Amino acid sequence: KPCLLKGCQDTLPAEVERAIMVRSRLLSLALGCILANVSASDPQLEKVAEAFRSHNRISQYKDFPYYSLLAPTQAFCYKALVNDSSCCIDKVFSPGVAARRFHREGTEWICGPTCLDSQKGKRGGDMIYLPNGVDCSTPRILYIHGGSWMYGSPTGLGYDNLASKLVLATGAMIMVPDYPLIPYANYTTMLSAAVKALVWLANNGPDGCGPEHIAPLFVAGDSSGGGTALSLTLAINRNPALLPGRSLAGSFFFSPWTNLKCNTPDYYTNAFASIVDDTTFVNTSGKVFVGDVIFQGHPNQDSGGFQLNAEAYVGNWELLDDPVASPLFADETELSNPELPPMYFIVGKSESILGDSILVSQKIASYGHTVHVDVYEGMWHVFPMYSEGCGSGKELWPAVHALNRTGEFVKFVTSTWKLPRERSSGLPIIAWVYDQSMALRDLWFDYNQPTRFKRKGVSCVAAGEAKLLPKDLDLAGEYARPRSMSGLSQLLLASLGGGLAFMLLQATAWRVCHQRYLSLPTVNNAACAGH
């Protein structure tokens, strides 16, 4: 501190700016010292300090003392959602995406006086969202919107904007049906409507693409719609005749509602709460918020209210544990068929229904099916719909990351969907995802990790498809591009210097490479690079 603030002032600014560029942990601590001690009479240091504040995007959160623990955009969203839990859904429709309304025969219904959704009158028109360059081989996704089966439409509650972002991330054609809502429909009629929509999508691609053109087919949804999408996946797996001549390539879900009994312990452990901190906060009420910022009721209030909603969906209390309507209760009948497609779950760690994703993914994987789960620290219900940052002017990193990960999943499954189904070890592949947008977190992460989605013994080749490798070439069951040296390795090199350290690291790198990775010369397709 004495050196920084007194003896080194002539050279400090340039050094600090260089530290900002390389995000050095040590000099970042020094910058924190400057922020705490900078004198208003020293404009040179104040300029550098302000640059550091701007770099870490905390200047507009001076009344939030936990900037080193919580990303600024996340903190902004917390405050906005606590004040209005219905606020802040993305408002921008992504450019380069075409939107078309389509009416299928027999899908009309009336949202009358007892309909709770705001879009009253004649309903039933589907929305189809198309990427640039769409053709008959483009993947197709049936997306079932959420809204507690009581609200929502293909263009309401931000679902048109979400669909446009998913089109860009996945490169797929997306169909969002306007299915009938409670009280004009229930689980049986909604599932039937979803089956009919999926059959239509399987046989009707972009302009001029008929039943003879077979493309990868996905089912997806969020919240209540995610639960119905999983019910649809299980129903087809139990009775393939529902989708004649076709099969699902994959399914993905954002915060799906899979337990209609609503009794997982997360309703208690993730309940919304405020923590009083009068000693740390400045010019605020002294509160910081934790838990589920979307559903802010007491545990029994949320659990009981959700269960009443679920009863209206299935028709009576006895069906709350139906193995298809409430997928957490699925058993061998629904899960024994080895053709169940690979699945991907995205869920926020702070959600009341966190267990609905974790528990159902574990059960599905226990039957040998491939299941990926990404749990995002600090995130709330269906957070991918908040990628624009809740009006903060900064993107919400976890939401953007989740959308991109979804794109990776769809593209990888598309490249492998013609191969036989892969059997899992009996456990889901779960990743806990932390916000990586903050500079001071750089050394937490290995940015050279292999891709999230991969398959043992598979090589991506030209035309974006995949082929099985000869078994004698699948040396370790894993493969990826060789890793560059980690930050710790570079620090060891700098500290020890000389040839001995380099030889040691080189030998270790070769050993790890031979044990775990196989560099494949056939990985030459941009869409598949890294698999």
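Colleague: Let's begin with Phe-409, then: buried or exposed?
Modeller: Phe-409 is buried, at a relative accessible area of 1%, where buried stands for under 20%, exposed for over 50% and partly exposed for what lies in between, using a 1.4 Å probe and protein chains only. Bear in mind that this is a predicted model, in which local features need pLDDT of at least 70 and side-chain atom pairs count only at pLDDT 80 or more, while totals for chains, interfaces and linings use all residues. Residues are numbered from 1 along each chain as its sequence is written, and side-chain values use heavy atoms, with hydrogens and water left out.

Colleague: Why is the pair of Phe-409 and Phe-453 called edge-to-face?
Modeller: The ring centres of Phe-409 and Phe-453 are 5.4 Å apart and the planes stand at 65 degrees, so the pair is edge-to-face; rings of Phe, Tyr and Trp (its six-membered ring) pair if their centres lie within 6.5 Å, with planes under 30 degrees apart counted as stacked, over 60 as edge-to-face and the rest as tilted. The pair joins distant parts of the chain, with Phe-409 in helix H13 and Phe-453, 44 residues away, in the loop between strand S13 (429–433) and strand S14 (458–460). Helices (H or I, at least four residues) and strands (E, at least two) are DSSP runs numbered from the N terminus. Phe-453 is buried too, with a relative accessible area of 1%.

Colleague: How many aromatic pairs are there in total?
Modeller: The count comes to 21 aromatic pairs. Among them is a tilted one between Tyr-344 and Phe-409, at 5.4 Å centre to centre with 35 degrees between the planes. This pair also links distant parts of the chain, as Tyr-344 belongs to strand S11 (residues 343–348) and Phe-409 to helix H13 (residues 397–416), 65 residues apart. Tyr-344 counts as buried, at 1% relative accessibility.

Colleague: And which residues make up the aromatic cluster with Trp-149?
Modeller: Trp-149, Tyr-187, Trp-257, Tyr-267, Phe-295, Phe-306 and Tyr-313 form that cluster. Asn-309, in helix H10 (residues 299–314), touches Trp-149 and Trp-257 of this group, and beyond its neighbours within four places in sequence it is also in contact with Ser-148, Met-150 and Ile-182; contact means heavy atoms within 4.5 Å. Asn-309 is buried, with a relative accessible area of 11%.

Colleague: Changing topic: in what order do the strands of the open sheet run?
Modeller: Its 9 strands run S1-S4-S6-S5-S7-S8-S11-S12-S13, with mixed pairing, where two strands pair if DSSP finds at least two bridges between them. Strand S1 (98–102) and S13 are the edge strands, each pairing on one side only, and the twist averages 15 degrees from one strand to the next. S11 and strand S12 (residues 371–376) pair in the parallel sense over 6 bridges.

Colleague: Which strands does helix H12 touch?
Modeller: Helix H12 (residues 354–366) packs on the sheet, touching S11 and S12, and its direction makes about 155 degrees with that of S11; axes are lines fitted to C-alpha atoms, for helices over the stretch in contact, and angles run from 0 to 180 degrees between N-to-C directions.

Colleague: What about H6, how many of its residues are buried?
Modeller: In H6, 11 of the 12 residues are buried, and what covers them includes strand S4 (126–130), strand S5 (140–144), strand S6 (173–176), strand S7 (217–222), strand S8 (250–254) and H13. Just after H6, Gly-171 takes a positive phi of about 70 degrees.

Colleague: Last one: which residues touch the most other members in the largest nonpolar core?
Modeller: That core has 63 residues, and Leu-198, Leu-232, Leu-260, Phe-345 and Ile-364 touch the most other members; a nonpolar core is a set of buried Ala, Val, Leu, Ile, Met, Phe, Trp, Tyr and Cys residues joined through side-chain atoms within 4.5 Å. Helix H7 (residues 187–203) gives the most to this core, with 10 residues. A second, separate core of 52 residues includes Val-97, Leu-162, Val-382 and Ala-399.
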